[in-house]
Amino acid sequence: MRKKIVAGNWKMNLDISEGIELATTINSHFLTSPLEGKEVILCTPFIHLNAVSAIVKTAGVSVGAQNCSNHKSGAYTGEISASMIHSTGAKNVIIGHSERRIYYAENDSMLAEKTAEALRNNLRVIFCCGEVLPERESNAHFDVVKRQLENGLFMLPEDDFRKCVIAYEPVWAIGTGKTASPAQAQEMHHFIRGLVEKHYGTKVAADTTILYGGSCKASNAAELFANPDVDGGLIGGASLLKDEFCNIVKAL
Ligand code: PEP
């Protein structure tokens with residue numbers, strides 16, 4: 001079913017006590033201001049997952065990781081498996097964030113393996129796609145996003161695809177303060193929904209949740225979320241600020 005979701009990506013920020021404090025305040029906020037059908041996901045560093053999962057008990061709020069290994073288990077020093085993530089109580093995982101693609105050379109085939117591994121372990125996947133600035137400037141952005149989705153996600157059978165959320169994050173807008181315009185976001189989200197329709201049919205396309213990410217904040221969230229194909233946001237920097245984050249959720 002298509003959902004309205006705001007997911008916070010804490011990235012590599014906050015020590016354990018700061019993470020607990022932020023999760024506790026956000027959890028209490030949504031206890032007193034119920035989400036009424038919307039969902040909030042807190043994607044924390046791995047070491048916070050267990051503690052934050054124990055705190056987050058409010059209806060509609062869940063926890064996610066920001067990455068997982070493409071391997072099941074074994075001699076992969078420093079890696080964290082999808083089953084380990086699931087065992088913390090986390091329910092979601094971000095796959096294919098541009099910072100993973102760019103800084104850690106995660107390619108489409110590795111991301112397809114990560115996605116499959118996450119789904120095998122009952123995690124909902126938030127699959128990121130998006131172009132870098134030169135790709136947009138050369139009008140290659142639709143081709144790039146199509147390739148990322150076809151190689152990383154559309155190999156899934158329908159049942160598994162339905163357990164995924166897509167996040168469109170133009171790389172030039174991430175952490176730069178430069179947001180895609182509402183029209184640019186809608187244009188790409190509409191294109192993505194069209195791709196889903198081609199692969200899985202009209203019903204699945206209508207049910208697919210597509211989030212926008214890239215310098216989304218309380219002051220621009222409402223105009224982005226007002227678009228018919230934008231179902232919420234993946235929020236980086238602003239997810240670390242309790243009031244800002246809660247106001248973004250309010251704008252949805
Ligand atoms: C992100 O990292 O997914 C993101 C959207 O970051 P920011 O909101 O800081 O641009």
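Two strands count as paired if DSSP finds at least two bridges between them. In this predicted model, strand β2 (residues 39-43) meets that condition with β3, the two being parallel and joined by four bridges.

- All five of the five residues of strand β3 (residues 61-65) are buried, so the strand is largely enclosed by the rest of the structure.
- Cover is found on both faces of β3: Val61, Val63 and Ala65 are buried on one side, and Ser62 and Gly64 are buried on the other.
- Together with helix α2 (residues 49-55), β2 and β3 make a β-α-β unit that is right-handed.
- The chain then crosses from β3 to β4 by way of helix α3 (residues 82-87), and this β-α-β crossover is right-handed.
- β3 also pairs with strand β4 (residues 92-95), in the parallel sense and over two bridges.
- Within that pairing, Gly64 has Asn92 of β4 as its bridge partner.

- Four bridges join β4 to β5, and the two strands pair in the parallel sense.
- Asn92, the bridge partner of Gly64, stands opposite Arg124 in β5.
- β5 is also joined to strand β6 (residues 164-168) by five bridges, and these two strands run parallel.

**The ligand and its surroundings**

- There are 14 residues around the ligand, and those that come nearest are Lys11, Glu169, Gly175, Ser215 and Gly236.
- By class, this shell has eight polar, four nonpolar and two charged residues.
- The side chain of Glu169 places an N or O atom 2.7 Å from an oxygen atom of the ligand.
- For Ser215, a backbone N or O atom lies 2.8 Å from a ligand oxygen atom.
- For Gly236, a polar backbone atom is 2.8 Å from an oxygen atom of the ligand.
- On its own the ligand has 290 Å² of accessible area, and the protein covers 95% of that area.

**Two loop residues with positive phi**

- Glu36 is found in the loop between α1 (16-32) and β2.
- Although Glu36 is not a glycine, its phi is positive, at about 45°.
- The relative accessibility of Glu36 is 75%, and because the cut-off for exposed is over 50%, this residue counts as exposed.
- Asn122 is in the loop between α5 (108-120) and β5 (124-129).
- Phi of Asn122 is near 60°, which is a positive value in a residue other than glycine.
- Asn122 has a relative accessible area of 58% and is therefore exposed.

- Asp207 is found in helix α10 (residues 202-207).
- With a relative accessible area of 17%, Asp207 is buried, because the cut-off for buried is under 20%.
- The side chains of Asp207 and Arg162 make a polar contact at 2.9 Å.

Definitions and conventions. Residues are numbered from 1 along each chain as its sequence is written. This is a predicted model: local features need pLDDT of at least 70, side-chain atom pairs count only at pLDDT 80 or more; totals for chains, interfaces and linings use all residues. Side-chain values use heavy atoms; hydrogens and water are left out. A residue is near a molecule or strand if one of its heavy atoms lies within 4 Å of it. A polar contact is a pair of N or O atoms within 3.5 Å; within protein, one must be able to donate a hydrogen and the other to accept it, and residues adjacent in sequence count only if both atoms are side-chain atoms. Accessible areas come from the Shrake-Rupley method with a 1.4 Å probe; for residues, only the protein chains shown count as cover. Ala, Val, Leu, Ile, Met, Phe, Trp, Tyr, Cys and Pro count as nonpolar, Asp, Glu, Lys and Arg as charged, and the others, Gly among them, as polar. Buried means under 20% relative accessible area, exposed over 50%, partly exposed in between (1.4 Å probe, protein chains only). A crossover is right-handed if, with the strands pointing away from the viewer, the path from the first strand over the helix to the second runs clockwise.
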